[in-house]
Amino acid sequence: MPKAIGLITCNYTTASKDDVFSGRPVASMPYLGRYRLVDFALSNLVNAGIRNVGMIMPNNYRSLVDHVGSGKDWDLDRKNGGLFIMPGTAFGTSRTGARFLIRDLVQNREFFTKNKEKYVVLSTANFICSVDVKKLIADHEASGANITVLCKRASCDGNIDVVTFETEDGRVKSMNQGVKFNQLAFLDYAVIERELLLELLDSFAAIDHLDLFEALNSEYGRFRVMVAEFEGYMKPIFDKNSYFKANIDLLDEDVLTEFASGTPIKTKAHDNPPAKYEPGCKVSNSLIASGDRIYGSVQGSVLGRNVIVEPGASVRNAVLMQGVVVKTGAKIENAIIDKNNVVPAGTELRGTDGDILYLKKH
Amino acid sequence: MLLAGGQGSRLGVLTSKVAKPAVSFGGKYRIIDFVLSNCANSGISTVGVLTQYRPYLLHEYLGTGEAWNLDERDGGVAILPPFATQTGASWYAGTADAITQNLGYLEGQDAEYVLILSGDQLYRMDYEDMLATHKANNADLTVAVMPVPWEDAPRFGIMNCADDGRIEEFVEKPAEPKSNLASMGIYIFNADLLINTLKEDDKDPDSTHDFGGDIIPKLLAAGKRLYTYQFKAYWRDVGTVASFHEANMELLGAEPEFDLFAQDAPIMSNSSTLPPAYVGPKGSVDDSLVDNGCAIMGTVEHSVISAEVYVGKNAIVKDSILFPGAIVEDGAVVINAIMAERSVVKAGAHFGSADEETVTLGDDAVVEKGE
């Protein structure tokens, strides 16, 4: 029997007002041509042998349920256990930073009582990273901590949505919002004993509007919360620019190799033909998903499934989500084009390096 | 009933480790995908797959049949390899014998009609339409046929028919054909007739237990109502290395005769979920099919590239078919070749040439520089 159950909270918004997140929950945001952001948390949990995963859903859950289905593509269609689709509280977490809202956990207390595994692995869907959760649990056991949080030292100032921990000898002293250079950024992966989590939920019942780690701020002296440091490619996604960069980053062969060297990321299977490169097309430094048909020119871009780039069209430094059609002679540069948009013949859609153009879902 | 036990010996090293229906095709598929997708798209939900030669990969690939929406509680895919009984065990001796040995399965399905298929052909057909013809003719057996060029007719089983499509004579590989309607090896039988005929044929010591050679001539002699169903679209039996290569190349170009992208009858496959293909900064791809999970750092022209293929820097791949996991190392040149699964052409090595016949490299085989 696996040692742990997994929880993914998918029901929070970001501080960013970028409309790139307006059409769907962050968890079902398409990524790298064929994934949804939630695939990373799901795959990381499942790759560690976890077969009981609860997902706390946002109000606009349609796209997310459509994607995960019965959990089959992650081996979560089990006779016992498997995937649990669970409700979030009425108003969701509209506040910055709260991603493990206590009232969401309390509302789904049954998930933590009916499953008897020793640990709970908490996670969210905002971080692109391939995490060895098995090792995280082993580290947790070896250190004898009450809670182990996965962190990475920030290489630059970062987003207000990212949580950071102040530590002393690897032990957490306090938790804060927003990340500055060299601080320990929380990757939203944590291991906690199931019984302890239940105790905490009971004792924090009066302050259930807080995030679990926020509520622990007065208790870090009492509980040993230890940091496990993450190595490998990691990208938090909380706004348009970080989303764009997390796609384009992967066009570097070294980054791509590092990304691909982690455990495999599973996603929903689709029946697309292979991508078809027509005679005379020009493609370089790009990621091209199956079902694409390319007649024109594609450079430095990430193309989702079933994209068509017609003759004479050009796509540069852009992220095209599934089903986008770029008509003859159209030009796209420095842009994110959301699902199923048809870019008319001869039109130009250009952003700049600093201000990426976003065309919302059609 | 889908016959998928054939070795496909004329494909040489390509079938040294897998059965012909499990051979990779078109960058994303295995040959059996086309027939299974036809079944699913025609509303057939019960398919018995008869396997025999090197069945492991085929069995694994078929799984529960869910990739083709054939994982049904009542029916779905049943894998039917040869088996032992109280009186002994035997291999499938012919196409008809394979069905005869599985009459227990067939009778258990309580079907009115039985469609007999081959797992090694490429075509899109709506079997519903063929069944409608069968019913309209009040036929006992309907044989799918297609017109072939007259000069090729002596290589096929030829049906000589009346104007209304009723079969009057069946001649296997006639020297002087009277018709150019070739049997495609696709049959619809009335189930009771099939079961009874197979039981009788089983007792005939002179029979080779083959549909074309024995069953059809016997039914004709017995005066049964045998009709043809004419099929005029794309159909290929990829029996040889040359025809296999040609059928893959026919998927390329601006308007291929067989369109993998046709929406109304999608070809489904049991593929794994992989990241999109990466075309490197110095990589270039022209007139090709490339599946997910590939990294193309060199040049690919007029080729079919399956999942997780790696083409190294300054490497050239042209007029070739690369099966899943094949590796062309830096500076290697692969021309007019078929590289089977996980095969490797080492850095700087050359494999194949435009002036000679298509060369093949078996599963896991390696070509060193200077070989």
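Which residue of β27(B) does B:Leu322 stand opposite? That would be B:Met339. Keep in mind that this is a predicted model. The two strands involved, β24 (residues 321-322) and β27 (residues 337-339) of chain B, run parallel and are joined over two bridges.

Now zoom out to the sheet. It is an open one with 10 strands and mixed pairing, and its order is β24(A)-β22(A)-β20(A)-β17(A)-β14(A)-β18(B)-β21(B)-β24(B)-β27(B)-β30(B). At the edges stand β24 (342-343) of chain A and β30 (359-361) of chain B; each has a single partner strand, so one side of each has no neighbour in the sheet.

Where do the chains meet in that order? Strand β14 (residues 275-277) of chain A pairs with β18(B) in the antiparallel sense, over three bridges. One of the pairs there is A:Lys276 with its bridge partner B:Leu289.

| Strands | Sense | Bridges |
|---|---|---|
| β14(A) and β18(B) | antiparallel | three |
| β24(B) and β27(B) | parallel | two |

On to the contact between the chains. Chain B puts in 38 residues and chain A 37 residues. Together they bury about 2,800 Å², with 53% of that on carbon and sulfur atoms. There are 18 residue pairs in polar contact between chain B and chain A. On the chain B side, β16 (277-279), β17 (284-286) and β18 (288-290) each supply at least two of the residues that touch chain A. That side of chain B splits into 22 nonpolar, 10 polar and six charged residues.

Two salt bridges turn up across the interface. One of them links B:Lys313 to A:Glu253, with the closest N and O atoms 3.2 Å apart.

Note on methods
Residues are numbered from 1 along each chain as its sequence is written. Chains are lettered from A and ligands numbered from 1 in the order in which they are written. This is a predicted model: local features need pLDDT of at least 70, side-chain atom pairs count only at pLDDT 80 or more; totals for chains, interfaces and linings use all residues. Side-chain values use heavy atoms; hydrogens and water are left out. Contact means heavy atoms within 4.5 Å. Buried area is the accessible area (1.4 Å probe) that two parts lose on being put together, summed over both. A salt bridge is a side-chain nitrogen of Lys or Arg within 4 Å of a carboxyl oxygen of Asp or Glu. A polar contact is a pair of N or O atoms within 3.5 Å; within protein, one must be able to donate a hydrogen and the other to accept it, and residues adjacent in sequence count only if both atoms are side-chain atoms. Helices (H or I, at least four residues) and strands (E, at least two) are DSSP runs, numbered from the N terminus. Ala, Val, Leu, Ile, Met, Phe, Trp, Tyr, Cys and Pro count as nonpolar, Asp, Glu, Lys and Arg as charged, and the others, Gly among them, as polar. Two strands pair if DSSP finds at least two bridges between them.
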